[in-house]
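Trainee: I am new to this structure and would like to learn how to read its features step by step. Could we look at it together?

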Amino acid sequence: LLRRAFIVKASQARTAPDFSLRSIASTSGRLDVVLRSIISAFKTCDGIRENVDFYAILTGPPNPPVQLWISGMEKPEIPENEIELATIIKRLLAGETIKGYHISKASFEKTILSLMKQYYIFYLHENGEDIRKTHFKPGSYAFVLGDHVGLPLSDERFLEKLKVKKISLGPISYLTSQCITIVNNELDLLE
Ligand SMILES: C[S@@+](CC[C@H](N)C(=O)[O-])C[C@H]1O[C@@H](n2cnc3c(N)ncnc32)[C@H](O)[C@@H]1O
C-alpha cells in the first residue's frame, strides 16, 4: 500500500479549546476545513485507512503554532460527524489523551523538515504538474495543502527553497477536503 500523509496549514484555526460546537466555522477560525479534511483523509465506507497520517498546523490565536497529528496506524476513532470530531479536537486542545491523536508545538517548517526524512513531499497547487503524470513508486508520499485562503506566501517560499515539487489535480480550485479525496482515489487506483 502507498503510505500517505496530508499536511493542512490552517492559518486562522484557533489554538485553544474555546470555540463553540454550535457554530464551529465562525468561532474556531474555520476549523471546519480541517474537520472535513480529516474525514476525507481517513474514512471509507469500510472503515478507516490505516496507511494515512494527517497533520494540521493550526496558527490562529491564542497559542500558535499547534501541530495536530492523527496516525491511521494507531486506529483512531474518526467520527463521520463534524461536531463529534470537533469535540475530540476540543478535548485534545484541553490536554486530554486520545488514542491516535497527538498535539505538539511544532511549526509548519519543523513539521515539513521532519516529514522529509520519511516521505517524498509534494505541494498541491493548481499550477503544478498534472498528478497523473507523476510516477509513484512504492513508498511514502506526503501532500501539503492550504486552507480556504490557500498557503501563505512565506510558506510557499519555504517549500520552493526545499525544492518541493508542485503537483496539480486540474485547473479548477477545489476545496481542501475535496483535494484529499481526489489524491486518495488517484493513489488507490495505482494499487
Ligand atoms: C480552496 S483551495 C485555496 C484557494 C485559495 N483561494 C487560493 O488561491 O489559494 C485549498 C487548497 O487546495 C489545494 N488545491 C485546490 N485546488 C487544487 C488543484 N486543482 N490542484 C492541486 N491542489 C489544489 C491547494 O493546496 C489549496 O491551497
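**Reading the sheet and its salt bridges**

Mentor: Helices (H or I, at least four residues) and strands (E, at least two) are DSSP runs, numbered from the N terminus, and two strands pair if DSSP finds at least two bridges between them. The model is a predicted one, in which local features need pLDDT of at least 70 and side-chain atom pairs count only at pLDDT 80 or more, while totals for chains, interfaces and linings use all residues. Residues are numbered from 1 along each chain as its sequence is written, and side-chain values use heavy atoms, with hydrogens and water left out.

Trainee: Which residue in strand 8 stands opposite Tyr123?

Mentor: Strands of a sheet pair through backbone hydrogen bonds, either parallel or antiparallel. Here, Tyr123 has Val144 opposite it in strand 8.

Trainee: In what order do the strands form the sheet?

Mentor: The sheet is open and consists of seven strands in the order 6-5-4-1-8-7-9, with mixed pairing. Strand 6 (101-104) and strand 9 (165-168) stand at the edges with a single partner strand each, so one side of each has no neighbour in the sheet. From one strand to the next, the twist averages 30°, where axes are lines fitted to C-alpha atoms, for helices over the stretch in contact, and angles run from 0 to 180 degrees between N-to-C directions.

Trainee: Which strands does helix 6 lie across?

Mentor: Contact means heavy atoms within 4.5 Å. Helix 6 (residues 176-190) lies across strand 1 (3-10), strand 4 (52-58), strand 7 and strand 8, and runs at about 170° to strand 1.

Trainee: How many salt bridges are there?

Mentor: A salt bridge is a side-chain nitrogen of Lys or Arg within 4 Å of a carboxyl oxygen of Asp or Glu, and by this rule the count is 14. In one of them, the side chains of Asp53 and Arg3 meet at 2.7 Å, N to O. Asp53 belongs to strand 4 and Arg3 to strand 1, so this pair ties together parts that are 50 residues apart in sequence.

Trainee: Is Asp53 buried or exposed?

Mentor: Buried means under 20% relative accessible area, exposed over 50%, and partly exposed in between (1.4 Å probe, protein chains only). Asp53 is buried, at 4%, whereas Arg3 is partly exposed, at 25%.
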